[in-house]
Amino acid sequence: MVSAIRTFSILFVMVFSPLSLGAPIDSLSFETQSEEDRFKRLIEEIRCVKCQNTSIAGSNADLARDHRIKVYEMIGQGKTDTEIREWFVVRYGDFVLYRPKVDSRTWLLWGLPLLLVPIGAVLLVLQIRRQRAAAIDEVEEESALSDEEQKKLDEALK
Amino acid sequence: MASRSRALLPITVIVLLFVLLYMGLYLNPRHESDDSPMIGRMAPEFGLQELLVPGESFSRADLNGQVSLLNVWATWCPSCRAEHDVLMRLAATGEVKIFSINWKDREESGGSRTAAIRWLERLGNPYDKTGDDGDNIAGLEWAVTGAPETFLLDVEGRICERITGPLNDLKSPNPDNSQEVKNNVGNILKTIRKMRAADGKCLPKGE
């Protein structure tokens with residue numbers, strides 16, 4: 001048990017330490033914990049426009065740093081999350097958000113899973129019913145007596 | 001027969017998925033900057049110190065009154081060095097005013113203000129005015145994503161085009177390379193001449 005825990009903790013450190021070492025560090029201080037939480041959430045949601053495949057939280061690019069500082073400043077100025085996201089969208093387009101807004105162009109993207117889940121559920125129920133019916137038929141067929149068996153039985157009961 | 005068609009369905013689905021994967025591998029993964037939301041908008045307000053003339057400024061108002069180019073450059077940017085010669089030749093034609101933003105030329109990015117001044121003194125100055133934007137203040141308003149980057153502006157200071165990457169003045173840009181065609185100075189000058197013929201306004205899309 002002890003060795004299992006040890007192995008696990010070593011693995012844990014090995015797996016996660018490169019992430020923490022690679023993450024960029026800015027020395028920013030926040031008034032409240034909720035402001036810090038908002039900052040961390042927002043920078044995960046905003047794409048680095050320089051490197052494109054990471055958020056500004058995960059990027060070491062110079063421009064990503066400027067963008068993190070911009071988010072920090074806007075939080076300090078009392079801007080809402082929506083206003084901060086809008087600041088980025090106005091400049092760089094919807095592409096800059098990792099969680100696209102729901103609008104006339106994105107409703108299918110957001111709605112399709114909601115649509116597919118009930119369809120899948122109906123198909124699943126139908127399939128289960130069909131299999132169950134087939135299984136019952138099979139059992140009835142097997143347990144039913146053949147003509148010969150029936151004849152024997154009738155004779156025996158005479 | 002029924003069992004065969006039942007087996008065919010998953011195989012068809014898998015083949016289709018592979019076709020999609022194959023097509024996906026050949027798509028350009030980079031977001032095309034041509035559809036930047038900045039295009040068609042009025043240039044943002046900004047005010048910067050002129051890099052070479054102490055006490056003078058370069059601001060939004062300078063963009064009014066003529067078709068112009070606004071070039072974003074930095075001394076730490078190798079492709080800006082190659083582009084500089086192209087800009088010198090373009091400026092020599094006298095066909096268009098070229099403004100510039102010297103972007104993020106600070107020690108933390110591997111440049112400096114003095115390096116920027118020396119660059120223009122040594123290599124020549126193709127710009128009518130250059131704003132010192134070492135701290136990326138105007139850069140954020142213009143939504144600059146990298147250097148070099150060039151904006152084509154109309155007579156009222158509206159953004160007609162955003163051109164990312166270095167400009168070139170190749171006699172015959174490779175037609176298969178859309179960036180080389182778009183960034184070609186000859187093609188840009190053609191657009192500018194058409195704009196002048198249309199009251200200096202941005203051309204309608206697709207022209």
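**Interface, chains A and B**

I started with the area buried between chain A and chain B. It comes to about 1400 Å². Carbon and sulfur atoms give 47% of that area. I keep in mind that this is a predicted model.

Next I looked up who takes part. Chain A brings 16 residues to the contact, and chain B brings 18 residues.

How many salt bridges cross the interface of chain A and chain B? I get three by the rule. I noted one pair by name: Arg91(A) with Glu141(B). Their side chains meet at 2.7 Å, N to O.

I then counted polar contacts between chain A and chain B. Six residue pairs qualify, with both partners at pLDDT 80 or more.

Which helices of chain A each supply at least two residues of the side that touches chain B? I find α3 (62–76) and α4 (81–92) of chain A. Of the elements on that side, α3(A) gives the most, with six residues.

I sorted the residues on the side of chain A that touches chain B by type. Seven are nonpolar, six are charged and three are polar.

**Chain A, overall fold**

I checked the secondary structure of chain A. I count six helices and zero strands. From the N terminus on, the order reads α-α-α-α-α-α.

Chain A has 158 residues, and 24% of them count as buried. I also looked at contact order along the chain. I took the contacts in chain A with a separation of 6 or more. Residues 24 or more positions apart account for 48% of them.

**Chain B, helix α2**

I moved to α2 of chain B, residues 78–93. Where is the kink in this helix centred? I place it on His84(B), with a bend of about 30°.

I listed the buried residues of α2(B). They are Cys80(B), Glu83(B), His84(B), Val86(B), Leu87(B) and Leu90(B). An α-helix has 3.6 residues a turn, so residues three or four places apart point the same way.

What covers the buried residues of α2(B)? I noted strands and helices of chain B. The strands include β3 (68–73), β4 (97–103) and β6 (149–153). The helices include α3 (113–123) and α6 (185–197).

Gly94(B) follows α2(B). Its phi is positive, near 70°.

Methods: Residues are numbered from 1 along each chain as its sequence is written. Chains are lettered from A and ligands numbered from 1 in the order in which they are written. Side-chain values use heavy atoms; hydrogens and water are left out. The bend at a residue is the angle between axes fitted to the seven residues ending there and the seven starting there. Helices (H or I, at least four residues) and strands (E, at least two) are DSSP runs, numbered from the N terminus. Buried means under 20% relative accessible area, exposed over 50%, partly exposed in between (1.4 Å probe, protein chains only). Contact means heavy atoms within 4.5 Å. Buried area is the accessible area (1.4 Å probe) that two parts lose on being put together, summed over both. A salt bridge is a side-chain nitrogen of Lys or Arg within 4 Å of a carboxyl oxygen of Asp or Glu. A polar contact is a pair of N or O atoms within 3.5 Å; within protein, one must be able to donate a hydrogen and the other to accept it, and residues adjacent in sequence count only if both atoms are side-chain atoms. Ala, Val, Leu, Ile, Met, Phe, Trp, Tyr, Cys and Pro count as nonpolar, Asp, Glu, Lys and Arg as charged, and the others, Gly among them, as polar.
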